[in-house]
Amino acid sequence: MDTQVTNEHDRQEHYLNVDYGIRSWLLTRDHKRIALLYLGSITFMFFLGGIFALVIRLELLTPAGDIVGADTYNKLFTMHGVIMIFFFLIPSIPAVLGNFLVPLMIGARDLAFPRINLASWYIYSLGALFGLWAVFTGGVDTGWTFYAPYSTTASYTKVVPTIVGAFLVGFSSIFTGLNFIVTIHRMRAPGLTWFRLPLFIWAHYATSVIIILGTPVIAITLGLVAVERVFRIGIFDPALGGDPILFQHLFWFYSHPAVYIMILPSMGIISEVITCFSRKRIFGYSFIAVSSLAIALLGFLVWGHHMFVSGQSVYAALIFSVLSFAVAIPSAVKVFNWTATLYKGSISFEAPMVYALGFIGLFTIGGLTGLFLAALGLDVHVHDTYFVVAHFHYIMVGGAIMGYLAGIHFWWPKITGRLYPETLARIAALIVFLGFNLTFFPQFVLGYLGMPRRYYVYPPEFQVLNVMSTAGATILGVGYLLPMLYLTWSLRWGARAGANPWRATGLEWQTPSPPPTYNFATTPLVTEEPYAYPLREAREY
Amino acid sequence: MATTEHVVAHQFDDAEQQHEASTLGMWLFLVTEILFFGGLFLLYVAYRVTYPEAFVDGSHHLDLRLGTINTVILIGSSLTMALGVHAAQVGRQRALVGFLLLTIVLGSAFLVIKGFEYAAKFEHGLVPGPGFALTGPLGPQVELFFCIYFAMTALHAIHMVIGVGVLAVIAMMASRGAFGPAYFTPVELMGLYWHFVDVVWIFLFPLLYLIGGR
Ligand SMILES: [Cu+2]
């Protein structure tokens, strides 16, 4: 009986078994397969960046420089940052889950431009190869920020290949963002109006807007740094009257919004997961949707908060400070709405939900400490200390990666047709949460006490907190390895997932798992709002 | 008049949806291009405000005659491109191919003239770098002007080269009868791109060649 069921299941044609062989993957136009190509690439980069992080934490176990010298340490934190931000975080959710889910969620057969989608993966891979070339032929030491004039004239490391890599990866994300915007505008299923869209789609729409408007600016800026190095000219060179501060303006014009490229898709996932495992309609749907756009637009007006001590005018700094406070409002709107969704919900703690709840807590801490940094006076005190390091890791790791893991677990049954081992996954989620807090909370304290970032030695009185942080990093490493192992295991031995193991709403759950190549047997017709879960808002009963 | 039936790609419902999607995609691409050039325009503005005399001095070292000729050529090529798109829409096959080829010729002429201009700059030592010829109090800042000049015009020229290459492909497709009133999206999108590159030059020309009242 059992084998019969299995055989029947295997006979059903879906995007994974429709054809086999390396060619069918490398030349695929199917958004779902391209998502998996991306999943492989970014997972590799994530673990590479993670190794650098572990070496950094190991070096900081003691106050003295035991394992590496100053120069190597500079390269370690640079490559950790470059790989994690450009090669992992920015593509992570959009290129993997977004790629897989955007057409499914809006009832389309594919993205608008499948060939451009595949091209984006090749461009990403080429960029990653440049990045790896830089890493394995001596590394780069400018910090992920590539500040001129150090990057343009002083550094003797592999700046140009790293920049070429980041430049190419930028174009791959432009292709992805462009594809999403066109697809969401033009290819929604009949009846799927804008305010019936899942919040995951709203988040990806807003993210794509940021990608389209921001990425070209970082591309030209980094391009100029490379040109300046290669041709020995001086666009940012103070010797000619060039202005390195201009580089910082251009760099942060993209790189602040880039934080939202990382966190907005994650917020989209949280909206889906919270409402599903509360079995309750999301609270304040339109506020969450519009707040994504508000973040996308306001996010472009606050970059100066990275330059409070760089010598910009105090009036500019004042404005940037005020606007940075303002950009916290739409984020807070989301947090309040998620919490209100939980209220009187019928909550169950499946692994995606554990990650999502972790996200809410950690993102709140990351966001509130962001307000500390937006305050002009306080920022001067904690600028370039571990306080900043802790803050952005709470956003990018505690926020973006927690959301990414929530999403990977939530849609794993849809992607692979298999269930992951639930108990193990819950334990892993708790390990990640505990390991994360142990790693980064002490860094808030360290920074407040005055430990600067980017040094490989430190005064002995900081050791206890650093030991805590390193211990936490080890636990966090285990927490990240576990999903890697059991998710791989589940590919073969996981229980079969039905079309809708979570009893979730949304078009992606109405098609078999894994979905057929063109996603739906017939184009679905949408007749109701999203999140039609049984429980309504609290006031109604 | 040859109008080939064009197959709608699997992800679209009909030809209209496909056309709308492609057009929106092209406009979004042009938005990214505006921001791509935008970084350079910002640098131009910042440095020109800081060093107005050096920018005027640098501008006077540019070849106004060649710049003007190139401007006329490029505007002309935009006209032939627009006529080409029109020819595709009304299904005039030979005219379409002819206008596309004319656009290629004009675009190439622009690039050749630009090449002569660059060559002259090399001869006169006006290329930024260790061998920059101009000394004197304004020297370094004039060098900065030339950094911006070369960055902007070279980026523009790269876009021209890509444009001419894609035009050649489209002209080849057109000569095989790929386009007609029912399907001319690639010609139309190429037109958008070409006009964009033209408009960038319309900004570059006065900003680089015509400042300082000459
Ligand atoms: Cu910022």
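View 1. A:K32 is buried, at a relative accessible area of 0% (buried is under 20% relative accessible area, exposed over 50%, partly exposed in between; 1.4 Å probe, protein chains only). The model is predicted: local features need pLDDT of at least 70, side-chain atom pairs count only at pLDDT 80 or more, and totals for chains, interfaces and linings use all residues. Residues are numbered from 1 along each chain as its sequence is written, chains are lettered from A and ligands numbered from 1 in the order in which they are written, and side-chain values use heavy atoms, with hydrogens and water left out. A:K32 pairs with A:D30 in a salt bridge, with 3.1 Å between the closest N and O atoms (a side-chain nitrogen of Lys or Arg within 4 Å of a carboxyl oxygen of Asp or Glu). A:D30 is also buried, at 7%. Over all chains, the count is 8 salt bridges.

**View 2. The salt bridge between A:R33 and A:D19.** The closest N and O atoms of this pair are 3.3 Å apart. A:R33 belongs to helix α3 (residues 31-59) of chain A, and A:D19 to the loop between α1 (2-11) and α2 (22-26), 14 residues away. Helices are DSSP runs (H or I, at least four residues), numbered from the N terminus. A:R33 is buried at 2%, whereas A:D19 is partly exposed at 36%.

**View 3. The salt bridge between B:K114 and B:E117.** The N to O distance is 3.2 Å. Both residues sit in helix α4 (residues 93-123) of chain B, 3 residues apart, so about one helical turn separates them. B:E117 is buried at 0% and B:K114 at 1%.

**View 4. The copper site.** A:H256 (ND1), A:H305 (NE2) and A:H306 (NE2) coordinate the copper ion at 1.8 to 2.0 Å. Donors are N, O and S atoms within 2.8 Å of the metal (3.2 Å for Na, K and Ca); water is not among the atoms, so sites may look incomplete. The donor spacing in sequence is H-x48-H-H. A:H256 lies in α9 (244-278) and A:H305 in the loop between α10 (285-298) and α11 (314-342), so the pair ties together parts 49 residues apart in sequence. A:H256 is buried at 7%, and A:H305 at 17%.

**View 5. Packing of α8(A) with α10(A).** The axes of α8 (199-231) and α10 come within 8 Å and cross at roughly 10°. Axes are lines fitted to C-alpha atoms, for helices over the stretch in contact, with angles from 0 to 180 degrees between N-to-C directions. The two helices are therefore roughly parallel (angles under 35 degrees). Residues in contact (heavy atoms within 4.5 Å) include A:W202 and A:I210 in α8(A), and A:I288 and A:L293 in α10(A).

Terms used: Parallel < 35°, antiparallel > 145°, perpendicular 65-115°, else oblique.
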